[in-house]
Structure formats: structure tokens, C-alpha cells
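Hello,

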Amino acid sequence: FFDSTIGKIGGKRIMEFGYGDDDDDLEGDFETWKDNVFWPTLKEMYMKDAEVPILNDDVDQLPECAYEVEYLDKTAKPEMQPEQINNASKYYFSSYDCPVSVVRELRTKEDSGSTVHVEIDISKAKGLEYSTADNLGVLPVNSSDVIESVADSLGYDLDATFAIRAAPDKEWQGSPFPNPTTVRECLSRYCDLTGSPRRSDLKQLAAYAKDPIDKKALLRMASKEGKAEYKEKIVDAVFGLVDILRMCPSIEAPLEHFLMFCPRLVPRYYTISSSSSVHPKSVHLTVSVTEATKKDGSILKGVCSSHLADVKPKETVRVFNRESTFRLPQDTSRPILMVGPGTGVAPMRALLQERAFQRKKEKKQVGKSILYFGCKKRSMDYIYEDEMKSFQKDGTLSQLHLAFS
């Protein structure tokens with residue numbers, strides 16, 4: 001769309017458009033386009049007779065670091081103004097700590113998998129409101145085992161308190177997360193320790209490896225020639241930073257350098273499965289808990305789904321609302337057709353609650369509501385079965401079509 005539109009309003013193409021496959025190797029596709037199209041085109045246009053300097057690619061020298069860390073007294077608390085915050089991580093600062101009131105399993109014991117129903121109390125979160133079918137952003141938390149493993153690998157004191165600021169002669173781009181904070185809190189909430197790093201990240205890591213064998217392995221997988229090995233040993237094996245630090249124990253990185261190259265832990269979004277009219281002070285989520293066995297025999301757990309499944313009543317989760325364009329028709333008399341297999345039924349549950357409220361409480365004329373739902377087996381993972389029967393019985397759900405694999 002953007003490519004064609006820019007041409008229509010007078011933009012002049014100066015080089016071939018590049019495409020990348022995010023399901024395969026997006027970074028590799030970009031590198032191929034950059035080396036074969038982007039740089040050659042710019043050189044031909046602007047640097048025909050110029051000599052290109054040879055860059056020093058010495059990985060024995062630590063990369064420049066944009067951050068500087070100052071260790072503080074443990075009583076220091078975060079006090080930051082909006083202009084001090086990096087725009088890319090505003091959700092770290094604008095989210096709410098809300099208590100969980102309910103966590104219950106939706107699948108039967110016959111199913112080895114897990115889908116949990118989670119209810120979050122937002123009654124005391126001033127400013128946190130939602131509309132039916134909005135999305136809830138949940139800030140995940142790394143497990144204590146992962147945090148301790150990383151700290152042990154790099155020699156960090158988890159209880160140390162620190163503040164982060166710009167290194168000398170570096171422009172401050174805003175704080176990447178609330179601080180002062182402890183190393184434990186930082187690794188827990190703000191660092192992606194389990195996601196597979198990119199090949200360019202491996203090249204950065206190589207600069208911190210003291211053992212030539214570790215350095216060579218990282219550089220090999222970071223190279224174009226090592227793309228297949230990277231896919232096999234990192235992507236397919238679901239190897240995260242925590243695993244790489246175990247695999248290459250000679251890696252040594254000061255905290256400020258680690259914070260520079262470690263990706264941030266981003267929020268996960270769940271379509272809210274409750275009606276804001278029926279449950280204005282509570283948000284319901286329907287969460288499929290990710291758990292799988294990795295190639296090395298260890299267990300891979302979804303960082304956010306496991307966090308939500310393991311939280312105990314009255315413990316808090318950090319959340320914020322993101323508005324959605326997914327809405328019921330303004331004319332309530334219009335019929336709706338819903339398709340929601342598995343946890344895809346979450347927003348449909350919210351819509352059915354809203355339709356029942358419109359019909360029973362607001363006395364509006366409500367059109368037909370038709371739902372198609374599917375799962376593996378009725379006796380295993382037919383989630384919210386009792387509620388669907390109740391919606392059918394009271395006339396909210398006009399038709400329910402089921403498909404079991």
C-alpha cells in the first residue's frame with residue numbers, strides 16, 4: 001500500500017523494493033537486499049569515485065555502550081518525569097498493578113494441556129477502564145530459575161540497586177525502564193531472557209566471549225554461511241539468551257552492556273473475554289498455557305501464559321488496556337455471526353455477555369447471535385461449555401455450531 005501510494009503522489013523509486021519472510025529469516029532477507037541492492041545503488045548514485053574506508057571489525061574490543069550504570073543505596077525509589085521516558089517503553093511506566101481474584105482451569109483432567117480463566121480486579125486502578133472486546137496488555141515476568149541462571153552466568157548481584165543514565169558523550173534517549181531498580185526486578189520484568197536472539201545479536205555477544213571457541217561458535221552462527229546452523233541450534237531449538245550464556249560460559253558483560261544488547265521483554269496482548277457492562281470492575285482473560293519439550297529435553301514455558309497460570313489469588317499482575325476496533329454493531333437489532341475456535345472464543349464470550357445485558361437490562365431489541373466453536377474433544381477442551389448452554393437457554397445465543405477434531 002505505502003509503496004504504491006508514494007509513487008502515486010510523486011515519489012521517485014531509486015532502487016528495487018525488498019521483501020522479507022518473517023516466517024523464515026527476515027533478518028537474512030534484509031541483509032541480502034542491503035548488500036545486493038541498497039548499498040550498491042547508493043554507491044552508484046552518490047559515491048562513484050569515492051574510496052570506501054575499511055572498518056575495523058575487531059570483536060576483541062568491547063562495543064561502545066550508550067548506557068552507564070550507577071549502583072545506589074537499596075532504599076532508592078523510581079522517580080521519573082514523562083520527558084525522561086523512552087517512547088518505545090512507555091507501557092512499563094503507564095501500567096497498573098492489579099490483584100488477581102480468580103485463576104481456574106478450563107480443560108478437563110483428560111487433557112494434558114492447559115487453558116486457564118483469569119479474573120483481574122481493576123476496581124482500585126484509577127484510570128484503567130475498558131470496553132467490551134478491548135485488548136489487555138499484560139507485562140510478563142521471567143521465572144526465578146531463569147533470572148538466577150543469568151545472574152549466576154554473568155556474576156550479577158540480584159539484590160543490588162542501580163540507576164541507568166547516558167554514558168559520557170552519548171545522547172540520552174530516555175529511560176528504557178523505571179529506575180532506580182534492583183538487578184532482580186530488571187531481569188524479571190524488563191529483559192527478554194528466553195526469546196531466540198537474532199544473528200546480529202550473536203555477533204554482539206561474541207565480543208564478550210573470552211574463550212576463542214565460544215567466540216568462534218557465536219560468529220559462525222551469526223554469519224551468512226552459518227544461517228542453517230543458527231536456525232537449527234537457536235531458532236528451532238528455542239534457545240534464548242539464558243541458554244546461550246550456559247552454552248558459552250566465557251561470556252562476561254558489565255550490566256550496562258548487557259542492558260544495551262539484551263532485548264526488552266514486551267507485553268502480551270489478550271482479547272478481553274468479559275463485557276465491560278456486566279463486569280466493569282473486573283477483566284476476564286482466557287489464556288492457553290504454552291508448554292513444550294525442547295530438543296535438549298528441557299521444558300519450554302510461555303513466559304506470560306505461565307506467569308498468569310501460576311499467579312495466586314490476591315497476587316498482582318501488571319496490566320494496561322489497549323483499545324480495539326472489534327465492536328458490536330451500533331444497531332443492536334442486527335444479527336452477528338461469530339467464529340471462535342479454542343481460545344478464539346474469548347471475545348465471543350464477551351460479546352454474548354454484552355448482548356445478554358442489552359436484552360435483559362437495557363430492554364433493547366437484539367438480533368440473532370450465531371456462534372461456531374471448535375476444539376479437540378467435547379470431553380477435553382470444550383471451554384465455557386456450561387456458559388454456552390446457559391446463553392442458549394436464555395435466548396442470547398440463537399445458534400451454536402460445534403466441530404470436534
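By class, how many nonpolar, polar and charged residues does the lining of the largest cavity have? There are 5 nonpolar, no polar and 1 charged residues in that lining, where Ala, Val, Leu, Ile, Met, Phe, Trp, Tyr, Cys and Pro count as nonpolar, Asp, Glu, Lys and Arg as charged, and the others, Gly among them, as polar.

Before the rest, a word on the basis. This is a predicted model, in which local features need pLDDT of at least 70 and side-chain atom pairs count only at pLDDT 80 or more, while totals for chains, interfaces and linings use all residues. Residues are numbered from 1 along each chain as its sequence is written, and side-chain values use heavy atoms, with hydrogens and water left out.

**Cavity and pocket**

On a 1 Å grid over the protein atoms alone, a cavity is a set of points where a 1.4 Å probe fits but cannot get out, and a pocket is an open set with protein on both sides within 12 Å along at least five of seven lines; lining residues have an atom within 4 Å of a point. Grid points are joined across faces, edges and corners, and a volume is the space filled by probe spheres set on the points.

Searching the whole structure turns up 1 cavity of 30 Å³ or more. The largest cavity has a volume of about 40 Å³, and its lining consists of Pro197, Asp201, Leu205, Leu241, Phe261 and Pro263.

The largest pocket holds about 630 Å³ of space. It is lined by 25 residues, of which Ser143, Asp145, Val146, Thr194 and Lys301 are the closest to its centre. This lining divides into 8 nonpolar, 9 polar and 8 charged residues. Helix α11 gives the most to it, with 4 residues; helices (H or I, at least four residues) and strands (E, at least two) are DSSP runs, numbered from the N terminus.

**Around strand β13**

Strand β13 (residues 369–375) is largely enclosed by the rest of the structure, because 6 of its 7 residues are buried (under 20% relative accessible area, 1.4 Å probe, protein chains only). β13 pairs in the parallel sense with β12 (residues 336–339) over 4 bridges, and also with β14 (residues 399–404), in the parallel sense over 6 bridges; two strands pair if DSSP finds at least two bridges between them. Leu337 stands opposite Ile370 in β13, and Cys375 opposite Phe404 in β14.

Best wishes

Conventions. Buried means under 20% relative accessible area, exposed over 50%, partly exposed in between (1.4 Å probe, protein chains only).
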